[in-house]
Amino acid sequence: MKIVTKSIFSTIEKQIFNRGRDLDVALFNVLFGDMPNDFVLDAISMYQNKDGGFGNTLEMDNYNPNSSPAVTCEALSILKLAGFNHKSDSEFLKQMLNKTFNYLYNSCELKNNKWEFAIKSNNDFACANWWKYNEIAVLNNNPTASVLAYTIYFLSEDKPYFKKAIKMIDNCIK
């Protein structure tokens, strides 16, 4: 295992501050500084679309501004990394998560009870090859397994989407 020296850390910090997006800087400061995680919430909200999903180059290898399940899952991953969970008392977070899960469970098309990784509109924008939509691509469990896990992580047991996630997990196991 290699230790990160103060010099290396300082170099990383300078690169983040000079080249990083507001979201990257906020997340870095939450993880390694003393910034409250609300700054991550403010920064990530800039990537949320009106439909509740996330796009707008949150995933830097995909320039599609439209919401997609995989990019929305990435947003949930960032929120978890920043320390948010179902016990967080931020009203802004609760509204954001409500919109996010409404998007995932009501607006996204499921194929074989799974969310697709790539969406058709990805092909209209610059993106890495793995973000290209291909109708004959094998549909795996990405991002379905993660979305279901984040649903359980961010919502309390009494929420309808929590219960729906549990049913979907049972169906996946069967």
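**Cysteines, fold and a helix pair**

Mentor: To begin with one residue of this predicted model, Cys108 is buried, because its relative accessible area is 13%, and the cut-off for buried is under 20%.

Trainee: How far is the sulfur of Cys108 from the closest cysteine sulfur?
Mentor: A disulfide needs two cysteine sulfur atoms within 2.5 Å. The closest cysteine sulfur to that of Cys108 belongs to Cys73, and it is too far for a bond, so the distance to give is 11 Å.

Trainee: Is Cys127 buried or exposed?
Mentor: The sulfur of Cys127 is 17 Å from the closest cysteine sulfur, in Cys108, which is too far for a bond. Its relative accessible area is 17%, and since buried means under 20%, Cys127 is buried.

Trainee: How many disulfides does the structure hold?
Mentor: We have seen that the sulfurs of Cys108 and Cys73 are too far apart for a bond, and that the sulfur of Cys127 is too far from its closest partner as well. For the structure, the number of disulfides is 0.

Trainee: At roughly what angle do the axes of helix α5 and helix α6 cross?
Mentor: Helix α5 covers residues 91–107 and helix α6 covers residues 144–154. Their contact includes Leu97 and Phe101 of α5, together with Val147 and Leu148 of α6, and by class it has 8 nonpolar, 1 polar and no charged residues. The axes come within 12 Å and cross at roughly 145°.

Trainee: What is the radius of gyration of the protein?
Mentor: With 174 residues, a compact globule would have a value near 16 Å, and the protein agrees with this, having a radius of gyration of 17 Å.

How values were computed: Residues numbered from 1 in each chain as written. Predicted model: local features only at pLDDT ≥ 70, side-chain atom pairs only at ≥ 80, totals over all residues. Heavy atoms only, no water. Axes fitted to C-alpha atoms, helices over the stretch in contact; angles between N-to-C directions. Helix = DSSP H or I, 4+ residues; strand = E, 2+ residues; numbered from the N terminus. Contact = heavy atoms within 4.5 Å. Nonpolar A, V, L, I, M, F, W, Y, C, P; charged D, E, K, R; others polar. Buried < 20%, exposed > 50% of the residue type's maximum accessible area, 1.4 Å probe, protein only. Rg over C-alpha atoms; globule rule 2.2 N^0.38 Å.
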